[in-house]
Amino acid sequence: MNVQTEPRRSKEELMEKLQQPDLITGSEILLRSLLLEGVECVFGYPGGAVLYIYDAMHGFSDFNHLLTRHEQGAIHAADGYARSTGKVGVCIATSGPGATNLVTGIATAYMDSVPLVVITGNVATSFIGTDAFQEADITGITMPITKHSYLVRDVEDLPRIIHEAFHIANTGRKGPVLIDIPKDVSANKTIFKPEKEVNIRGYNPTVQPNKLQVDKLLKAIEEAERPVIIAGGGVVYADAAEELMEFVNKTQIPITTTLLGLSGFPSGHELWMGMPGMHGTYTANTAIQNADLLISIGSRFDDRVTMNLNGFAPKVKKIAHIDVDPAEIGKNVRTDIPCVGDVKAVLAYANTKAKPAKSEAWIAEMQANRENFPLKYNDANGELKPQYVIEMISETTKGEAIVTTDVGQHQMWAAQFYKFKNPRSIVTSGGLGTMGFGFPSAIGAQMGNPDKLVISINGDGGMQMCAQELAICAINNIPVKVVIINNQVLGMVRQWQEIIYDNRYSHIDLAGSPDFVKLAEAYGVKGLRAKTKEEAQRVWQEALDTPGPVVVEFVVPKGENVFPMVKAGDTISDMLMGDSE
Amino acid sequence: MMTTKHTVSVLVNNQPGVLQRVSGLFGRRGFNIESITVGESEELGLSRMVIVTTGDDNTLEQISKQLYKLIDVIKVIDLSSNPMVARELALIKVNAEPASRPEILGIVETFRAAVVDIGPNSIIVQVVGDSDKIDAMVELLRPYGIRELSRTGATAMIRGSVR
């Protein structure tokens with residue numbers, strides 16, 4: 001990469017300089033505070049209300065600023081950075097349209113509990129409320145989709161607010177925090193006093209669990225004959241993959257990982273059943289439907305996992321729920337054993353006493369299902385199928401790459417056929433399902449992981465929602481491998497229209513899409529295309545061997561569907577298995 | 001599950017936008033607000049909101065938990081699960097031609113309400129009490145013609161014998 005990812009001066013030197021009690025502007029306070037929080041990289045786009053901030057960044061080299069080509073690209077990149085590193089992602093945009101362009105990205109991060117600090121400029125405090133040029137009430141607009149937000153009214157408050165924002169974003173149930181800085185606040189000067197303490201009276205997340213509840217869970221496990229673990233994104237966010245592995249091995253409970261939980265448990269494990277829910281495996285869904293004990297770990301019984309709640313896990317005797325957010329307990333399903341706390345802390349305690357369930361027969365049944373009902377696709381006629389492409393990517397990277405996805409069929413195929421091994425190796429918009437997320441989030445993931453292979457898997461629809469960010473890959477030589485699974489339609493919509501709307505295909509044809517190879521080349525990025533399996537193997541190897549960014553288009557048939565599929569309104573027992581059997 | 005009326009006290013940081021945060025939360029989560037009152041509390045910098053809402057036990061639990069997720073919320077108490085005192089104030093501008101005044105004043109007296117303004121054809125009655133009392137007062141005055149009605153919504157606290 002052309003972007004320098006190593007610090008330019010020693011940490012001690014930097015810290016000493018930063019702590020100086022200089023008379024500086026709000027903008028300089030912002031930059032110093034970001035550095036004190038350990039920020040290495042921000043994604044942003046300048047404009048009128050953040051001119052003082054960008055002026056302070058002139059010649060500034062203590063962290064990287066990547067100029068995206070759309071604010072939405074900036075926030076998705078910050079999101080990809082945060083998900084793949086566990087650090088807080090930071091982005092900056094100007095007031096009005098700059099700020100509103102962040103809204104989709106903020107909602108995306110909020111739904112998936114991703115720690116972001118989002119900085120927006122606003123018009124000067126004396127103009128607020130006057131419908132001034134490029135004024136928007138962004139704290140008001142984003143109130144339902146932020147964990148917290150601040151409108152800074154006084155430059156004196158800035159160090160405290162920034163310190164609080166980072167703390168709130170990355171503790172408890174993580175999430176985006178917005179800081180709206182009016183232009184005069186970014187210009188006003190004061191003596192910088194770095195904030196070291198955090199004291200927020202109304203914010204004190206529960207980390208350590210109530211041990212009595214965990215003991216109850218352990219007792220229920222010992223008595224259970226058909227236990228199932230549903231592990232979600234909370235495992236990954238709490239850095240609890242090791243604890244989860246120990247817990248599963250000690251308790252001998254079959255485990256299913258949700259879309260966001262996929263990288264929290266290695267897919268090769270003998271007790272792993274795949275993903276549950278709408279496009280989950282036969283094994284996982286069948287296990288949930290026959291379970292006598294369900295243990296949700298850092299997962300929130302999302303409707304894409306449970307599908308119709310009347311008929312979800314009908315044989316269950318007890319449901320246990322481990323979550324850092326008490327509001328998730330009992331929100332969607334009745335919970336018998338609530339364990340509020342940080343997943344890592346809960347599992348670490350549980351592992352000190354965990355004993356196996358009476359699950360031998362149950363495991364055998366599960367493993368037979370896995371053997372008899374594997375994920376399949378019809379590969380008979382030799383065409384290049386999308387699932388084949390994902391399998392090829394999985395095999396050639398040995399499941400070690402960081403994979404970002406967009407939203408739709410390719411996302412589900414990536415979830416089904418990429419064999420994830422390491423935590424934080426899948427970056428995908430699960431809760432909000434944001435198209436246009438896949439590619440820019442990969443740029444952020446690569447910035448956060450300069451030495452890792454980052455692959456972005458997109459459809460031809462979503463790729464066109466943020467394709468402009470090819471520019472920053474080109475100019476900074478960010479070596480993301482951009483995969484486009486091109487089936488020439490909005491595939492997931494097509495699938496629903498075929499199966500649920502009686503083949504009435506309405507506005508799904510993506511005719512008129514650009515030649516993606518030429519599009520890449522227009523930005524100065526290498527473009528490759530494959531239409532057959534042989535070409536696919538060849539160009540994919542070429543892409544992997546290319547040091548810089550590459551766009552690889554795989555042209556696949558239109559009519560391929562994602563199976564298994566549970567139709568909206570059905571229970572997860574009602575899986576359509578497709579024609580692959 | 002049974003849907004019942006609850007009075008919830010919410011202690012919040014007196015920050016700009018805090019009312020919007022709380023009312024917005026009720027709106028987007030589909031919780032009902034029957035009335036909401038806000039004012040200073042016993043502690044400088046904190047305000048107390050008293051919200052009257054309806055819902056079953058699950059809803060009430062969610063309301064409390066979701067409120068606690070707001071950084072500016074310090075404490076949430078379901079007052080109605082305790083013996084409590086709830087009071088509301090109403091101002092009622094009612095038609096009062098000289099001929100009908102004695103009757104109206106009779107009602108006012110019975111309710112221990114007060115007349116706070118007298119005009120040529122109307123009077124303003126101020127009544128304090130629980131919401132049922134105010135409902136009853138309003139019904140009794142309705143036949144005379146209510147020109148304007150303004151109610152504060154209930155504020156409440158737990159009785160002194162508790163805790």
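Select strand 7 of chain A: which of its residues are buried on one side and which on the other? Pro176(A), Leu178(A), Asp180(A) and Pro182(A) are buried on one side, and Val177(A), Ile179(A) and Ile181(A) are buried on the other.

Before moving on, some housekeeping. This is a predicted model, where local features need pLDDT of at least 70 and side-chain atom pairs count only at pLDDT 80 or more, while totals for chains, interfaces and linings use all residues. Residues are numbered from 1 along each chain as its sequence is written, and chains are lettered from A and ligands numbered from 1 in the order in which they are written. Helices (H or I, at least four residues) and strands (E, at least two) are DSSP runs, numbered from the N terminus.

Now widen the selection to the sheet. In chain A, 6 strands make an open sheet with parallel pairing, in the order 3-2-4-5-7-6; strands pair if DSSP finds at least two bridges between them. At the edges sit strand 3 (64-67) and strand 6 (148-151) of chain A, each pairing on one side only. From one strand to the next, the twist averages 20°.

Next, pick the neighbours of strand 7 of chain A. Strand 5 of chain A runs parallel to strand 7 of chain A, joined by 7 bridges, and Leu116(A) stands opposite Pro176(A). Strand 6 of chain A pairs with strand 7 of chain A over 4 bridges, also in the parallel sense, with Ser149(A) as the bridge partner of Leu178(A). Follow the chain from strand 6 through helix 8 to strand 7 of chain A and you trace a right-handed β-α-β crossover: with the strands pointing away from you, the path over the helix runs clockwise.

Last stop: show both chains. The contact (C-beta atoms, placed from the backbone, within 7 Å) takes 16 residues from chain B and 14 residues from chain A. On the chain B side, helix 2 (57-69) of chain B gives the most, with 6 residues.

Notes
Contact = placed C-beta atoms within 7 Å. Axes fitted to C-alpha atoms, helices over the stretch in contact; angles between N-to-C directions. Buried ≥ 20, exposed ≤ 12 C-beta atoms within 10 Å, placed from the backbone.
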